[in-house]
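Please read the following report alongside the sequence and the three-dimensional model.

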Amino acid sequence: MDKIDDLKVNKIILEYNFLKNDEELIKELIKSNEQEFLKLVNKNLEQVDEDELKPKDVGGQKQVKKIEPMIKPEDVDNNTKVKVKKIYRQIVKLTHPDKTSDIELNDLYIQSKEAYECFDLFELYFIAKTLKINFKLTLSETNILNMLTQHKKDEIKKLQSSFIWLWINTSNEEDKDDLVQKFLKVHYLK
């Protein structure tokens, strides 16, 4: 039975890893096409009369985005909370800026802190694996793993609904121009 449980957990890990890579690819494609898209937006904005534009937000300060946990603490059993804390502490011992000046390790520290605050077992698992810290995800944690997988799928859907992503994946110039116009209507035009 242990082998079957291990295989089920491994399947979930592989699915999450695939989704993580898919998200990274989508973000990179968006980032690499963003300038071109924004050039078209600015070119179209130059042709718009100023009285057609929405008023600018004057003096508005950007809010610092607080990290929201993907999993609520009440959805996590005590054994998992203890496990997450233990793994996080092992990672911190190797990556904390006070312990090492290695930039890559410090980046892992920051990633692990965010993962710990969000009860993101997958991210902690991947960071621990990178650092050769052994721990096993168990079948009893499947519910949390499935919730994290669904969260990743939702993040990908959100990216795929962005104007830039839609623009990248549009085949003809007329449809691309229509998307730029829709973007302008949503963000700039009255």
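## Terms and basis

A residue is called buried when its relative accessible area is under 20%, exposed when that area is over 50%, and partly exposed in between, with a 1.4 Å probe and protein chains only.

The model is a predicted one, in which local features need pLDDT of at least 70 and side-chain atom pairs count only at pLDDT 80 or more, while totals for chains, interfaces and linings use all residues. Residues are numbered from 1 along each chain as its sequence is written, and side-chain values use heavy atoms, with hydrogens and water left out.

## Two loop residues with positive phi

Helices here are DSSP runs (H or I, at least four residues), numbered from the N terminus. Lys 132 lies in the loop between helix 4 and helix 5, and its phi is positive, at about 60°, although the residue is not a glycine.

Phe 119 sits in the loop between helix 3 (103–117) and helix 4 (121–130), and with a relative accessible area of 14% it is buried.

## Two buried threonines

Thr 80 belongs to helix 2 (residues 78–95) and is buried, its relative accessible area being 3%. Once neighbours within four places in sequence are left aside, Thr 80 is in contact (heavy atoms within 4.5 Å) with Leu 121, Glu 141 and Ile 144.

Thr 149, found in helix 5 (residues 142–160), is likewise buried, with a relative accessible area of 4%. Leaving aside neighbours within four places in sequence, the contacts of Thr 149 are Ile 12, Glu 15, Tyr 16, Leu 19 and Phe 122. Between Thr 149 and Lys 56 there are 93 residues of sequence separation and, from C-alpha to C-alpha, 38 Å in space.

Side chains of opposite charge can pair when their charged atoms come close. A salt bridge is counted here when a side-chain nitrogen of Lys or Arg lies within 4 Å of a carboxyl oxygen of Asp or Glu, and by this rule the count comes to 6. One of them joins the side chains of Lys 153 and Glu 15, at 3.2 Å from N to O. Because Lys 153 lies in helix 5 and Glu 15 in helix 1, this pair ties together parts that are 138 residues apart in sequence. Lys 153 is partly exposed, with a relative accessible area of 31%, and Glu 15 is also partly exposed, with a value of 32%.

Another salt bridge is formed by Glu 23 and Lys 152, whose closest N and O atoms are 2.7 Å apart. This pair links distant parts of the chain, with Glu 23 in helix 1 and Lys 152 in helix 5, 129 residues apart. Glu 23 counts as buried at 8% relative accessibility, and Lys 152 is buried too, with a relative accessible area of 9%.

## The network around Glu 23

Which residues are linked with Glu 23 in a network of salt bridges? The network is made up of Glu 23, Lys 27, Lys 152 and Glu 155. Within it, the side chains of Glu 155 and Lys 152 meet in a salt bridge at 3.3 Å, N to O. These two residues are 3 residues apart in helix 5, so they are separated by about one helical turn. Glu 155 counts as partly exposed, at 24% relative accessibility.

Glu 23 has its place in helix 1 (residues 2–46). Not counting residues up to four places away in sequence, Glu 23 touches Lys 152, Glu 155, Ile 156 and Leu 159.

## A negative patch on the surface

Glu 36, Glu 173, Glu 174, Asp 175, Asp 177 and Asp 178 gather in a surface patch of negative charge. Patches are made of residues with over 30% relative accessible area and no salt bridge, like charges being joined within 9 Å and nonpolar side chains (Val, Leu, Ile, Met, Phe, Trp, Tyr) within 5 Å. Asp and Glu count as negative, Lys and Arg as positive, and His and the chain ends are not counted. The place of a charge is taken as CG of Asp, CD of Glu, NZ of Lys or CZ of Arg.

Helix 7 (residues 173–187) gives the most to this patch, with 5 residues. Asp 175 is found in helix 7 and is partly exposed, with a relative accessible area of 35%.

Notes:
Accessible areas come from the Shrake-Rupley method with a 1.4 Å probe; for residues, only the protein chains shown count as cover.
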